[in-house]
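Biologist: I would like a close look at a single part of this model. Please keep it brisk and take the side chains one by one.

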Amino acid sequence: LSCIPASGLFPHSFLLLVIGNKGLYCAHHTCSCAHRCYVDDKVSRVAWLNRSNIIFAGQDKWSLDPRVDLVTKGQLEYSLRIQKVDVYDEGSYTCSIQTKQKPKTSHVYLIVQVPANIYKVSEDIIVNEGSNVTLTCLASGRPDPAITWRLLNPSAEPLDGEEYLDIIGIMRNQAGRYECKASNDVATPDVKYVNVVVNYPPTIQKTQSSETPVGRLGMLQCDANAVPKPEFEWYRDEKRMTNTQSINIQILGTTTILVFTNVSEEDYGNYTCVATNRLGIQNASVFLYRPGTGRDINSSDCVSQSLWLLLACFACLFFKC
């Protein structure tokens, strides 16, 4: 018995069922299996049956199925061919031989294999942090496919789940692209993806105060993480700050910078950065210090990190962002 992948030589795959085999495997519409069958000249009658239904009696076709025909090469070969094999073709086939002495029968069992196919998968979803999430991945195939899940983060480790992946109290670090894979070793696994966005309120990750002399450029920085992206505001005391000739507010992604183009004595003091989205709000204090009075500056850490921000601010000021 041999099973050869269907090629361009055949418009549809086919199968030869013959006597003398215990089992025959063929993937649904994907391969051709063949084995030659011969009868000797003492045989007077031959027939093919399926589930006690006669398919062929000698050269006479009893089946109405147009996909079924005989393959005969000379008088000694008597093989049955089924084109466009379907799962409904699975079952026992019998070749019955009538000789002068006594009748003989041989049986072959056709097993139709079908590649794994994911026919239903969850849509991309957006949820709030702490919600319970169930992702669905349903697949068909013969034999039944195994379903596995992965979150495609750097580790991409397998997750506990089959058709349904339950995530209890989802966290922000569980957001991302989820991969569902169905495989049964018949063909290449079928793979589908689900994108999961996790909303969470703002968290201010970093603030950068500044110690700047009068007449120089000063910057106060505030970084926040949030989904959806946070909106920023700056306050001094209870007054919301806006752009003026001497003050410019820049927002660069998840970073906001309060720029003093020409620091004056009145500018020194405490400022409040406020980050908000529809899920929450967080604020933090940032200070503009007189030289020699600074605290919490960490200037050695921020010089290289803030260089690109300084350049961006100059660009925005120049182009009037």
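Leaving aside its neighbours within four places in sequence, which residues is N184 in contact with?

Modeller: A caution before the details: this is a predicted model. N184 is in contact with V114, P115 and A116, and also with G141, R142, P143, D144 and P145. That list leaves out neighbours within four places in sequence. N184 itself lies in a loop, between β17 (176–183) and β18 (190–208). Its relative accessible area is 9%. Buried means under 20%, so N184 counts as buried.

Two of the contacts involve backbone oxygens. The side chain of N184 reaches the backbone oxygen of V114 at 2.8 Å. The N184 side chain also reaches the backbone oxygen of P143, at 3.0 Å.

Now follow one of the contact residues, R142. R142 forms a salt bridge with E90. The closest N and O atoms are 2.5 Å apart. This pair links distant parts of the chain, 52 residues apart. R142 is in strand β13 (residues 133–142). E90 is in the loop between β9 and β10 (91–99). How exposed are the two partners? R142 has 31% relative accessibility and counts as partly exposed. E90, at 18%, counts as buried.

That bridge belongs to a longer list. A search of the whole structure finds nine salt bridges. One of them joins D69 and R81, at 2.7 Å from N to O. D69 lies in strand β8 (residues 68–71) and R81 in strand β9 (residues 79–83), so this pair ties together parts that are 12 residues apart in sequence. R81 is partly exposed, at 24% relative accessibility. Another bridge pairs R240 with E233, with the closest N and O atoms 3.5 Å apart. E233 counts as partly exposed, at 26% relative accessibility. Shared partners also join D65, R67 and D89 into one network of salt bridges.

β17 covers 176–183 and β18 covers 190–208. R177 lies over the face of Y193. The distance from the ring centre is 3.8 Å.

To recap the part you asked about: N184 is a buried loop residue. Its side chain reaches backbone oxygens of V114 and P143. One of its contacts, R142, is in turn bridged to E90.

Terms used. Residues are numbered from 1 along each chain as its sequence is written. This is a predicted model: local features need pLDDT of at least 70, side-chain atom pairs count only at pLDDT 80 or more; totals for chains, interfaces and linings use all residues. Side-chain values use heavy atoms; hydrogens and water are left out. A charge sits over a ring if NZ of Lys or CZ of Arg is within 6 Å of the ring centre and within 35 degrees of the ring normal. Helices (H or I, at least four residues) and strands (E, at least two) are DSSP runs, numbered from the N terminus. Buried means under 20% relative accessible area, exposed over 50%, partly exposed in between (1.4 Å probe, protein chains only). A polar contact is a pair of N or O atoms within 3.5 Å; within protein, one must be able to donate a hydrogen and the other to accept it, and residues adjacent in sequence count only if both atoms are side-chain atoms. Contact means heavy atoms within 4.5 Å. A salt bridge is a side-chain nitrogen of Lys or Arg within 4 Å of a carboxyl oxygen of Asp or Glu.
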